[in-house]
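Hi,

Here is the structure I said I would pass on.

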Amino acid sequence: MQLKIEKYDYEGRGIAYENNMVVFVPEALKGEIVDCEIVKTSKHYKIAKVLEVIKPSPLRKKSFCPFSSLCGGCTLDICDVANSLKIKTEGLKDLFLKNGLDIKDFKIVANPEPLYYRNKISLIVKNGEFGFQRENTHEFVSIKKCYLAQPIINEILDCFDYFSFLNGKLTIRTNNEHKVLIIIETKDKVNINPKLYEKPISGLIINNKVIYGKSFLEEQRSEFYQISYDSFFQVNPYVSNLIVQKLLNFLNPKDIVLDLYCGVGFFTFPMARKVIKVVGIEVVANAIKSAKEVQKVNKLANITFYQGRVENIIDKLNEKFTKVVVDPPRSGLDKKTKEYLLQQAFSKIIYISCNPLTLVRDLKEFQSKYQITFLEGYDMFTFTKHVECLCVLNLK
Ligand SMILES: C[S@@+](CC[C@H](N)C(=O)[O-])C[C@H]1O[C@@H](n2cnc3c(N)ncnc32)[C@H](O)[C@@H]1O
């Protein structure tokens with residue numbers, strides 16, 4: 001079937017129409033005519049896969065990655081980085097407008113390091129080969145390297161035979177000193193060659209047990225952090241530093257800040273240097289353990305960390321907060337947390353989001369009491385469909 005791409009959605013997918021029905025076409029550019037096969041049909045839309053580009057856009061470029069069309073991670077490496085940003089911006093603006101959020105001058109801040117930026121990758125290991133599961137399929141795609149992962153991660157992948165296993169999951173994390181944490185989940189035997197330890201390995205964790213070194217990495221940014229192997233940490237150091245700087249602009253020295261979904265304290269520590277007090281809440285026990293240990297190193301007495309689910313803790317807090325920072329998982333804010341936030345009278349809600357769909361859903365609910373005064377995107381996950389957003393809402 002031949003389709004003409006008319007515009008973009010919020011994930012940078014091409015949008016075409018077939019008998020008035022929307023067809024999402026990943027890896028297709030506006031103006032292109034593509035030969036497609038429908039891979040999914042639902043009541044309101046279809047998803048198609050490009051078989052051949054019949055009439056290519058002048059923006060189309062050959063990907064830098066030989067695995068790109070197979071793994072499905074970098075759906076926007078079909079053009080250069082500047083155009084990929086324009087595509088994401090256009091798609092997101094459209095999403096905001098459709099949902100009644102009139103964000104006229106929305107822009108996405110560029111990634112200073114568009115390649116080799118990720119400090120973590122998670123792979124599947126199948127029959128002794130590592131790779132990704134192609135999105136929306138069960139298809140395994142073996143890769144040799146990832147052009148988004150930092151060079152040391154690819155160097156470790158190059159010597160997979162030093163820690164090989166047959167089937168399972170492999171996560172590799174690194175820090176600003178290029179030290180590495182290898183995290184393996186498998187039912188099979190892991191064959192360790194002692195040569196592995198000639199590499200800058202900080203820790204090897206197999207099935208949640210530390211086999212070598214430590215269970216965490218340390219990272220020196222403007223603050224010092226400890227990243228336990230099972231904790232969330234921002235994957236793009238270049239862009240996440242920009243977000244911290246921007247976030248601090250919205251705080252003042254008299255603030256008392258509630259930091260929901262605080263992880264290992266990525267935003268908590270820099271905020272605590274600027275304001276009277278910060279209270280951080282996070283569910284992962286090791287993340288809070290790390291945060292509390294680092295609090296002593298960072299010599300910041302004006303922070304209280306609580307471990308547990310946000311929705312179980314928030315209404316038990318006694319402090320009178322002036323502002324709240326929320327950085328929830330992709331699912332966004334749950335009903336109880338939103339109700340609590342709406343009952344309070346924070347002067348600002350600062351919402352950091354990695355999922356524009358749940359961000360928009362939640363923003364609409366806050367609009368009765370809060371007004372959006374700032375919304376900016378960050379190209380945290382360059383060449384992929386993802387965008388990080390920072391949104392500031394003021395009490396009306
Ligand atoms: C997007 S991350 C943000 C972490 C942190 N703000 C940062 O920048 O590193 C979301 C965090 O929320 C935590 N989380 C998920 N659901 C939660 C819940 N119901 N209550 C508390 N924390 C939760 C996750 O473990 C993760 O650390």
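**What turned up**

Keep in mind that this is a predicted model. Its largest nonpolar core has 100 residues, and the ones with the most contacts inside that core are Val25, Ile182, Ile349 and Cys391. If you click on Ile349, you'll find it touching Val324, Val326, Leu341, Phe366, Tyr370 and Leu393, leaving aside residues up to four places away in sequence.

On to the ligand. There are 20 residues around it, and Phe232, Tyr261, Gly263, Phe266 and Val283 come nearest. Sorted by class, the shell has 14 nonpolar, two polar and four charged residues.

As for the domains, the assignment gives domain 1 (1-60), domain 2 (120-218) and domain 3 (221-395). The centres of domain 1 and domain 3, taken over C-alpha atoms, are 36 Å apart.

There's also an open sheet of six strands, running β1-β5-β6-β4-β3-β2 with mixed pairing. β1 (2-4) and β2 (7-8) sit at its edges with a single partner strand each, so one side of each has no neighbour in the sheet. Strands in a sheet are paired through backbone hydrogen bonds, in either a parallel or an antiparallel way. For β4 (residues 21-25) and β6 (residues 45-55), the pairing is parallel, over three bridges.

Cheers

Terms used. Residues numbered from 1 in each chain as written. Predicted model: local features only at pLDDT ≥ 70, side-chain atom pairs only at ≥ 80, totals over all residues. Core = buried A, V, L, I, M, F, W, Y, C linked by C-beta atoms within 7 Å. Buried ≥ 20, exposed ≤ 12 C-beta atoms within 10 Å, placed from the backbone. Contact = placed C-beta atoms within 7 Å. Near = placed C-beta within 6 Å. Nonpolar A, V, L, I, M, F, W, Y, C, P; charged D, E, K, R; others polar. Domains from an automatic or database assignment. Pairing = 2+ DSSP bridges. Helix = DSSP H or I, 4+ residues; strand = E, 2+ residues; numbered from the N terminus.
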